[in-house]
Amino acid sequence: MDTLTVNLKSLDDKAMFSATARDNPQIVVDYFPPVGTGQGYTSLELLMASFGSCVSTTLLTLLRHKMQKTVDGITVQVIGEVRDNHPKALEQMNVTLDIKAKDLTEGEVRQALKAAEDAVCPVWAMLKGNVEIEIEVEIGQ
């Protein structure tokens, strides 16, 4: 079993933390005022970024290497709907994938997304059954 380590350190008298993993630069995690100062990413924003990057990495790997497609890049937007009651968890995420490719169909992307959901993307596996996920695919050159 692999082990991942993230280190966090409080930075102020509110809810701001620095977070580091391995030798990467620190990121700042905070919360909205009045609990925090709003000067860093919230935990839910980081979760959304983690999901978007996990799906994108999986897609790039599957499309480029398994399916032999020429993908010049992916731009991702993740919009999360937060429930009104505490704990203020995500109820739904709407993901838009803008894929730059010349030889790619939406069906091929959907096939790769199915593999990502079922077997490859660990963040999706953790969210599945807890957060409704809608994915829109746009393919351009």
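Student: Okay, T42 first. Is T42 buried or exposed?
Tutor: T42 is buried, because its relative accessibility is 6% and the cut-off for buried is under 20%. Keep in mind that this is a predicted model.

Student: Where is T42 in the fold?
Tutor: T42 sits in the loop between strand 3 (27–29) and helix 1 (43–66).

Student: And which residues is T42 in contact with?
Tutor: Leaving aside neighbours within four places in sequence, T42 contacts D30, Y31 and F32.

Student: Switching to helix 1, what about S56, buried or exposed?
Tutor: S56, which lies in helix 1, counts as buried, because its relative accessibility is 10%.

Student: What does S56 touch?
Tutor: Not counting residues up to four places away in sequence, S56 touches I74, V76 and L97.

Student: L97 makes me think of the core. Which residues of the largest nonpolar core touch the most other members?
Tutor: That core has 29 residues, and F51, M93, L97, I99, L113 and W124 touch the most other members. Helix 1, strand 4 (71–82), strand 5 (90–101), helix 2 (106–120), helix 3 (122–127) and strand 6 (132–140) each supply at least two of its residues.

Student: Which element gives the most to this core?
Tutor: Helix 1 does, with seven residues. As background, nonpolar side chains tend to be buried together in soluble globular proteins.

Student: What does M93 touch?
Tutor: With residues up to four places away in sequence not counted, M93 touches M48, F51, V78, I79, G80, L127, V131, E132, I133 and E134.

Student: Now the surface. Which residues form a nonpolar patch there?
Tutor: V6, L8 and F17 do, with about 270 Å² of accessible area together. V6 is in the segment before strand 1 (7–10), and V6 counts as exposed because its relative accessible area is 52%.

Student: What do L8 and F17 stand opposite?
Tutor: L8 is opposite A19 in strand 2, while the bridge partner of F17 is V29 in strand 3.

Student: How do those strands pair up?
Tutor: Strand 1 and strand 2 (residues 17–20) are antiparallel over four bridges and form a hairpin with six residues between them. Strand 2 and strand 3 also run antiparallel, joined by three bridges.

Student: Which residue in the turn between strand 2 and strand 3 has a positive phi?
Tutor: R22, at about 55°, in a hairpin with six residues between the two strands.

Definitions and conventions. Residues numbered from 1 in each chain as written. Predicted model: local features only at pLDDT ≥ 70, side-chain atom pairs only at ≥ 80, totals over all residues. Heavy atoms only, no water. Buried < 20%, exposed > 50% of the residue type's maximum accessible area, 1.4 Å probe, protein only. Contact = heavy atoms within 4.5 Å. Patch = residues over 30% accessible without salt bridge, like charges linked within 9 Å, V, L, I, M, F, W, Y side chains within 5 Å. Areas by Shrake-Rupley, 256 points an atom, 1.4 Å probe, with all protein chains shown as cover. Salt bridge = Lys/Arg side-chain N within 4 Å of Asp/Glu carboxyl O. Pairing = 2+ DSSP bridges. Core = buried A, V, L, I, M, F, W, Y, C linked by side-chain atoms within 4.5 Å.
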